Amino acid sequence: MQFVAARSVHWPKIAGRLQFEIDGQNTEGQPVCELSKREEVLTNTSLRTLTTRRDASSGVSAMTLLRADIERNDRQSEDSRTDDMAWIPGGTFRMGSNDHYPEEAPVHRVTVDGFWIDRTPVTNRQFKAFVKATGHTTFAEIVPDPTDYPGALPHMIYAGSLVFEPPSRPVNLRDWSQWWTFMKGADWRHPYGPGSNTNTSDNHPVVHVAFADALAYARWAGKDLPTEAEWEFAARGGLDGAEFAWGDEFTPGGVHLANTWQGEFPRQNLNADGYERISPVTAFPPNGYGVHDMIGNVWEWTTDWYSPKHEADAAKACCIPQNPRGGREEGSYDPRQPNIKIPRKIIKGGSHLCAPNYCRRYRPAARHAEPIDTSTSHLGFRCVVR
Ligand SMILES: [Cu+2]
């Protein structure tokens with residue numbers, strides 16, 4: 001699989017107009033980009049407004065509230081990694097959910113060994129250190145070779161990444177191209193396009209990273225990316241079978257415990273959680289394992305190939321899958337676009353764009369498919385050590 005060739009997914013002229021049915025459910029992160037007519041870049045003024053708002057320190061009371069309840073794990077002081085990584089003890093848990101989207105079902109038991117996981121998504125500061133040390137160029141920064149895209153019009157060939165921009169008019173919720181723009185010059189250093197930069201957001205999760213970029217970082221750091229089962233086990237924070245990473249109520253006592261979208265997505269952003277866009281990685285309280293931001297803020301890459309549903313629960317305890325690693329690559333292609341063979345990984349956790357009226361994926365069981373060549377303004381990652 002050539003990553004560069006895979007990128008043709010961004011050029012709809014090749015495959016014809018990339019129309020597809022969303023079989024009864026909306027998915028905010030529809031990965032395939034239809035090139036937008038709008039190529040305007042955010043102005044400095046609007047960026048300043050955004051920056052001011054998202055750095056406003058709210059959610060503090062929520063942190064204080066929950067911190068008291070956090071069960072600290074025993075091994076924290078035993079290893080130098082504990083400053084930035086948490087030990088996840090491993091065990092057997094109920095993975096998935098029968099109560100939401102079909103791809104999360106059925107609930108089935110899975111066993112994972114213990115592992116370390118980053119306490120937060122990888123930040124801009126951390127990614128900057130990686131790029132400085134290795135000279136790594138991310139996928140979004142590479143101008144495609146036109147010969148890889150027969151049929152693509154020259155003006156459509158440019159380096160860029162998918163950026164969320166709220167539409168100015170009412171839109172059809174089934175047409176995600178109304179709020180996603182394949183923006184020229186958008187990359188991890190310029191999360192909202194060329195006019196933006198990450199200088200003011202060192203502590204925000206890095207975004208606009210394709211799967212290969214995340215993996216390259218992990219290797220450099222002597223780590224790996226989590227499997228879906230590991231990720232979900234860690235996100236549950238020891239609350240087996242709970243709806244959310246913090247229990248069964250979305251906003252206990254009216255307090256937001258993750259950066260999601262309040263209001264009618266994608267036009268009305270009520271900002272009740274204190275953040276209009278991405279938030280600093282520790283803005284919200286950690287879960288029971290002392291891990292921040294598993295839910296909301298940005299989606300996170302896992303190593304597993306996507307499968308449209310989970311396997312059935314094992315009939316006997318002896319047959320519970322141990323450290324499962326997902327489906328087969330061939331099974332991960334998007335059936336709605338049979339002529340595009342881009343394998344897709346599972347991403348987890350939902351993002352700041354998940355809204356009750358649109359996409360309720362701010363839960364540990366939720367999952368979504370993302371083509372390996374695709375980067376966006378709401379997708380990052382974190383690492384594990386086994
Ligand atoms: Cu969502």
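**Notebook: helices, sheet and rings**

**Entry 1. Helix H5**

I started with helix H5, whose buried residues pack against helix H6 (211-220). This is a predicted model, in which local features need pLDDT of at least 70 and side-chain atom pairs count only at pLDDT 80 or more, while totals for chains, interfaces and linings use all residues. Residues are numbered from 1 along each chain as its sequence is written, and side-chain values use heavy atoms, with hydrogens and water left out.

I noted the terms before going on. Buried means under 20% relative accessible area, exposed means over 50%, and partly exposed is in between (1.4 Å probe, protein chains only). Helices (H or I, at least four residues) and strands (E, at least two) are DSSP runs, numbered from the N terminus. A contact, or touch, means heavy atoms within 4.5 Å.

Which residues of H5 are buried? In H5 (residues 124-134) I found Asn-124, Phe-127, Phe-130 and Val-131 buried. Seen down the axis of H5, these buried residues fall within an arc of 120°, so they line one face of the helix. The arc is taken from the directions from the helix axis to the C-beta atoms. On the face turned away from the buried side I found the exposed residues Lys-132 and Ala-133. After H5 comes Gly-135, with a positive phi near 70°.

**Entry 2. The whole chain**

I then looked up the totals. The protein has seven helices and 11 strands. It has 386 residues, of which 57% count as buried. Of the contacts with a separation of 6 or more, 77% are between residues 24 or more positions apart. The protein exposes about 15800 Å², and carbon and sulfur atoms supply 50% of that area. Accessible areas come from the Shrake-Rupley method with a 1.4 Å probe; for residues, only the protein chains shown count as cover.

**Entry 3. A sheet of three strands**

Strands of a sheet pair through backbone hydrogen bonds, either parallel or antiparallel. Here two strands pair if DSSP finds at least two bridges between them. I found an open sheet of three strands in the order E1-E4-E11, with antiparallel pairing. E1 and E11 are its edge strands, each pairing on one side only.

E1 (residues 85-88) and E4 are joined by four bridges. Across them, Ile-88 has Phe-115 as its bridge partner, and Ala-86 has Ile-117. Two bridges join E4 to E11 (residues 384-385), where Val-384 stands opposite Ile-117.

Which way do the residues of E4 (residues 115-118) point? Phe-115 and Ile-117 point one way, Trp-116 and Asp-118 the other, and all are buried.

**Entry 4. The nonpolar core**

A nonpolar core is a set of buried Ala, Val, Leu, Ile, Met, Phe, Trp, Tyr and Cys residues joined through side-chain atoms within 4.5 Å. The largest one has 61 residues, and Phe-127 and Phe-381 touch the most other members. Helix H7 (residues 228-236) gives the most to this core, with five residues. Leaving out residues up to four places away in sequence, I listed what Phe-381 touches, including Phe-127, Ala-214, Tyr-217, Trp-299 and Trp-301.

**Entry 5. Aromatic rings**

A pair of aromatic rings is described by the distance of the centres and the angle of the planes. Rings of Phe, Tyr and Trp (its six-membered ring) pair if their centres lie within 6.5 Å; planes under 30 degrees apart count as stacked, over 60 as edge-to-face and the rest as tilted.

How many aromatic pairs does a search of the whole structure find? It finds 26. In one, the rings of Phe-164 and Phe-265 have their centres 5.7 Å apart and their planes at 25°, so the pair is stacked. Phe-164 is in strand E5 (residues 160-164) and Phe-265 in the loop between H7 and strand E7 (299-305), 101 residues apart. Phe-164 is buried at 4% relative accessibility, and Phe-265 is buried at 3%.

Phe-211 and Trp-301 form an edge-to-face pair, 5.6 Å centre to centre with 75° between the planes. Phe-211 lies in helix H6 and Trp-301 in strand E7, so this pair ties together parts that are 90 residues apart in sequence. Both residues are buried.

I also found one aromatic cluster formed by Phe-127, Phe-130, Trp-188, Tyr-217, Trp-220 and Phe-381.

**Entry 6. Lys-348**

Lys-348 lies in strand E8 (residues 344-348). Is Lys-348 buried or exposed? Lys-348 counts as buried, because its relative accessibility is 0%. Among the residues Lys-348 touches, beyond four places away in sequence, are Glu-228, Glu-232, Glu-300 and Pro-364. Pro-364 is 16 residues from Lys-348 in sequence and 7.4 Å away in space, C-alpha to C-alpha.
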